[in-house]
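Hi everyone, thanks for coming. I'd like to walk you through a structure today, so please have a look at it with me.

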Amino acid sequence: MKKYDYLIVGAGLFGAVFAHEASRRGKTCLVIDKRNHIGGNIYTEEVEGIQVHRYGAHIFHTSRKQVWDYINQFAEFNHFVNSPIANYNGKIFNMPFNMNTFSKMWNIRTPEEAKAIIAEQRKEIVGTPRNLEEQAISLVGRDIYETLVKEYTEKQWGRPCQELPASILRRLPVRYTYDNNYFNDKYQGIPIGGYNKLIAGLLNGVECRLNCDFGENREELTALADKIVYTGAIDEFYGYRLGRLQYRTVSFETEIYDTANYQGNAVVNYTDRGVPYTRIIEHKHFEMFGQQLLDCPKTVVSKEYSTEWKPGMEPYYPVNDTLNNDLADKYRALAAHEKDIIFGGRLAEYKYYDMAPIVKRVFEVVKSQGL
């Protein structure tokens with residue numbers, strides 16, 4: 001007899017939601033994580049009374065009421081609205097691309113003027129875009145591309161935009177209103193007190209083992225459960241037998257400053273290549289507003305750098321070009337033959353996921369398991 005119904009490898013959002021859903025249906029679960037904390041990449045830690053997003057900014061957003069109501073069972077969410085700004089060679093632009101952006105860029109006032117300029121610039125690309133550069137210009141024109149997309153994207157991916165596939169950039173949000181809300185979703189916010197409260201609520205009553213590496217204890221751990229839910233990298237699970245998938249990773253320089261307000265916004269993107277980092281995150285803006293912001297005399301700031309992933313680093317983003325997608329398909333074919341192993345999440349599926357789609361994906365997996 002196995003001791004558990006499910007061994008869940010990874011205490012991030014996918015693993016935590018699955019563990020909660022399986023447990024409330026009477027299944028026994030063991031959650032393990034090689035890190036020393038739960039939460040995966042949405043883990044937050046308190047520094048100077050500020051919830052710091054250790055692995056980068058995370059804002060939960062969705063238009064699905066079912067998903068929003070679900071996560072609000074476990075933590076109280078605030079009404080944070082994501083309104084990043086971009087710094088290009090010292091000039092400040094609003095994101096997403098909207099009338100504030102266009103007014104600053106072209107000294108215009110009306111949607112009609114903006115539409116006319118963008119429509120004229122889009123004519124530069126004839127036929128099907130062959131790469132990311134052509135795709136971006138075909139969507140928003142050359143001025144916006146050169147100022148707010150090109151160099152930022154090249155820092156993110158470590159490759160010229162002309163060498164990146166058009167498929168990476170399926171759309172660019174363009175709004176002909178003075179609305180700085182980055183997301184179109186109806187529901188948006190961050191757990192008050194940090195994402196750890198959300199994960200801890202999901203894992204309440206579930207056995208967890210931290211500092212537990214599945215790869216190093218695979219045989220022993222596999223023997224404990226009838227089924228495995230695996231959220232790590234799929235190529236690592238198979239010992240890289242078909243080759244290594246590529247990822248992008250990010251690193252952070254985090255500092256504490258003796259000021260109540262360092263940059264006036266949670267996120268500032270640096271879109272020119274003269275600045276080595278891609279953005280600066282000032283964490284207190286995610287939860288503190290108005291007088292509360294000023295009453296906290298210190299602030300925590302993280303500069304984010306994007307680099308090519310190497311073994312030993314944390315993989316963040318799959319590189320969804322043709323070469324990697326073809327290799328990922330081969331690994332998925334291997335996974336399809338596994339009877340008692342469920343692969344789920346960004347690394348296990350080699351697919352970019354936001355948080356809300358992860359929750360929805362777990363619901364689908366739970367249903368497919370007949371739970």
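Let's begin with Glu349, which is buried, its relative accessible area being 14%. Keep in mind that this is a predicted model. What does Glu349 form a salt bridge with? The partner is Arg361, and the closest N and O atoms are 3.3 Å apart. Glu349 sits in the loop between β16 and α12, while Arg361 belongs to helix α12. Arg361 counts as partly exposed, at 25% relative accessibility.

Glu349 is also among the residues that Phe343 touches, as are Tyr230 and Phe237. Phe343 brings us to the largest nonpolar core, which has 55 residues, and Phe343 is one of those with the most contacts inside it. Helix α6 gives the most to this core, with 5 residues. There is a second, separate core too, with 48 residues, including Tyr70 and Met355.

Now for the sheet. Here, 7 strands form an open sheet with mixed pairing, in the order β7-β6-β12-β13-β14-β11-β15. β7 and β15 each have a single partner strand, so one side of each has no neighbour in the sheet. Helix α6 lies across these strands, β6 among them, and runs at about 90° to β6.

Back to charges: Arg273 forms a salt bridge with Glu151, at 3.8 Å between the closest N and O atoms. Because Arg273 is in the loop between β12 and β13 and Glu151 is in helix α6, the pair ties together parts 122 residues apart in sequence. Glu151 counts as buried at 10% relative accessibility, whereas Arg273 is partly exposed at 49%.

How values were computed. Residues are numbered from 1 along each chain as its sequence is written. This is a predicted model: local features need pLDDT of at least 70, side-chain atom pairs count only at pLDDT 80 or more; totals for chains, interfaces and linings use all residues. Side-chain values use heavy atoms; hydrogens and water are left out. Two strands pair if DSSP finds at least two bridges between them. Helices (H or I, at least four residues) and strands (E, at least two) are DSSP runs, numbered from the N terminus. Contact means heavy atoms within 4.5 Å. Axes are lines fitted to C-alpha atoms, for helices over the stretch in contact, and angles run from 0 to 180 degrees between N-to-C directions. A nonpolar core is a set of buried Ala, Val, Leu, Ile, Met, Phe, Trp, Tyr and Cys residues joined through side-chain atoms within 4.5 Å. Buried means under 20% relative accessible area, exposed over 50%, partly exposed in between (1.4 Å probe, protein chains only). A salt bridge is a side-chain nitrogen of Lys or Arg within 4 Å of a carboxyl oxygen of Asp or Glu. Lists of a residue's contacts leave out its neighbours within four places in sequence.
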